[in-house]
Amino acid sequence: MPNSETKPSKFTPRTRKVRILATLGPASNSPEMIRKLAEAGADAFRVNMSHGSHEDHLKLIRTIRSLEKDLERPTTILADLQGPKLRVGKFADGGAVLENGQTYVFDRDETPGDASRANLPHKEIYEAVEPGTRLLIDDGKIVARVVSVTADRIEAKIEVGGRISNNKGLNVPDVVLPLAALTEKDRADLAFALEQGVDWIALSFVQRPEDVAEARRLIAGRASLLAKIEKPAAIDRLEGILELADAVMVARGDLGVELPPEEVPPLQKRIVEAARRLGRPVVVATQMLESMISAPTPTRAEVSDVATAVYDGADAVMLSAESASGSFPIEAVTIMNGIATSVEADPSHAARVHFTETLPEATTADAIAHAANTMVGTVSAAAIVCFTSSGSTARRVSRERPAVPMLVLTPSERTARRLGLLWGAHAVRTRDVASFEEMIAKSKRMALRHGIAKGGQRIIVTAGVPFGTPGSTNVIHIVRLVGDELERYRAGEG
């Protein structure tokens with residue numbers, strides 16, 4: 001590995017702590033556009049496995065890895081699995097108009113549908129629904145309520161009518177469907193993504209902790225696992241899902257279809273708070289700057305929406321179609337970066353972020369992380385430096401939401417990349433250390449090299465001894481920088 005301390009760093013820390021996750025797509029799949037997104041503020045990239053071929057995804061992954069080397073910045077890749085898709089079948093005339101109050105039948109007959117019936121091929125729905133269950137079609141534009149059900153026929157009453165057409169999606173919010181979160185397509189996509197070395201896997205259609213456990217078994221430590229909270233059933237099992245997942249996403253699009261819209265904001269806050277208490281990174285996603293798909297500026301309501309997620313202490317905010325297929329992908333990232341930077345500069349931001357209490361557990365590692373955050377204010381430290389091999393030290397310190405930059409030093413490229421969704425983490429891959437003295441000397445040099453501290457300032461260093469042992473955070477140290485440590489090292493004096 002080239003010595004990361006003998007040349008000027010191209011890798012400057014972000015001035016903000018919340019991370020930006022940008023979805024790639026037709027509007028942003030070229031090397032030039034991906035570079036511009038990174039330069040505008042994107043910290044991580046989402047590859048949506050619902051669209052495109054493995055060949056398309058491979059090109060994106062290789063482009064990101066090439067860019068990563070050029071920018072000398074660990075870059076995070078998240079592969080988002082599609083999950084089960086429930087859809088009605090085709091129609092004889094391409095579609096039909098359903099009237100309020102009419103009776104309508106869904107069945108397993110593959111004959112094209114009409115104004116009286118439609119094909120619904122998913123046997124699991126027939127097994128799960130009962131009289132009174134709602135069926136939401138085309139993102140809830142049509143609402144039907146089950147009157148009666150047999151093994152292959154559902155009779156329903158149309159409560160909100162409209163035009164139904166070929167292959168429209170269907171949601172069943174009132175029951176837990178006996179469907180695995182991973183389809184055969186997902187398993188193939190998962191195997192491909194792991195083979196290509198992506199950093200995070202996003203699991204869709206999570207309804208219960210068992211869904212997460214199955215994905216973890218298949219991933220086998222080769223990537224971190226993010227559970228998307230998009231089903232009402234997942235809310236009822238949130239704590240269990242959080243215990244098994246490495247991170248969660250508040251997927252507000254599907255939540256907003258299956259729940260009344262007024263219930264989504266308090267649920268968002270509940271999910272963010274629960275994730276933060278457990279030290280799991282949490283991403284707020286969907287429709288954050290929706291109008292920027294076709295407009296160069298967002299609405300004021302959208303700006304406030306992004307700001308709310310930042311004030312709540314979310315680890316990352318995500319752009320979907322805005323960066324994937326919109327007309328202004330660079331502007332969307334730039335605006336999101338500007339909103340986050342402005343909010344974090346607000347004097348009230350720190351207090352608002354700490355509305356959520358993250359009490360340390362009775363462990364040495366939590367005690368060290370909590371103490372580091374407290375000591376920042378006591379000694380007016382400029383930064384916290386975390387040595388970590390697995391990332392656990394960084395996650396514990398980040399959970400405290402410290403007021404100063406957090407420089408994470410790790411010998412693991414994989415760990416550095418995975419930390420791209422972690423609040424406040426500026427991860428740098430560097431040689432491991434073998435002694436306490438070497439750790440302190442490297443902390444000083446890297447803090448100076450990356451511009452997070454300068455001569456005369458203090459930094460707080462946390463690590464685990466023996467070095468290289470994952471999850472052993474047990475050392476905390478305060479050190480003052482002279483300011484010439486980097487020059488002396490380059491001259492061979494220290």
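Which residues lie nearest the centre of the second largest pocket, and how many residues line the pocket?

Reply: The model is a predicted one. In it, 30 residues line the second largest pocket, and those nearest its centre are Asp246, Gly279, Arg280, Ser392 and Arg395. The volume of this pocket is about 590 Å³.

At least two lining residues come from each of helix H5 (209–219), strand S13 (224–229), helix H7 (238–244), H15 and helix H16 (413–418). H15 gives the most, four residues. Sorted by class, the lining holds twelve nonpolar, eleven charged and seven polar residues. Domain 1 (19–83 + 180–346) and domain 3 (364–491) each supply at least three residues of the pocket lining.

The model has two cavities of 30 Å³ or more, and the second largest cavity has a volume of about 70 Å³. Gly279, Arg280 and Arg395 are among the residues that line this cavity, together with Ala275, Arg276, Pro281, Asp315, Ser398, Arg399, Arg401 and Leu422. Helix H9 (264–277) and helix H15 (392–399) are the elements that give two or more residues to the cavity lining. H15 again has the largest share, here three residues. The cavity lining divides into six charged, three nonpolar and two polar residues.

Conventions: Residues are numbered from 1 along each chain as its sequence is written. This is a predicted model: local features need pLDDT of at least 70, side-chain atom pairs count only at pLDDT 80 or more; totals for chains, interfaces and linings use all residues. Side-chain values use heavy atoms; hydrogens and water are left out. On a 1 Å grid over the protein atoms alone, a cavity is a set of points where a 1.4 Å probe fits but cannot get out, and a pocket is an open set with protein on both sides within 12 Å along at least five of seven lines; lining residues have an atom within 4 Å of a point. Grid points are joined across faces, edges and corners, and a volume is the space filled by probe spheres set on the points. Ala, Val, Leu, Ile, Met, Phe, Trp, Tyr, Cys and Pro count as nonpolar, Asp, Glu, Lys and Arg as charged, and the others, Gly among them, as polar. Domain bounds come from an automatic or database domain assignment.
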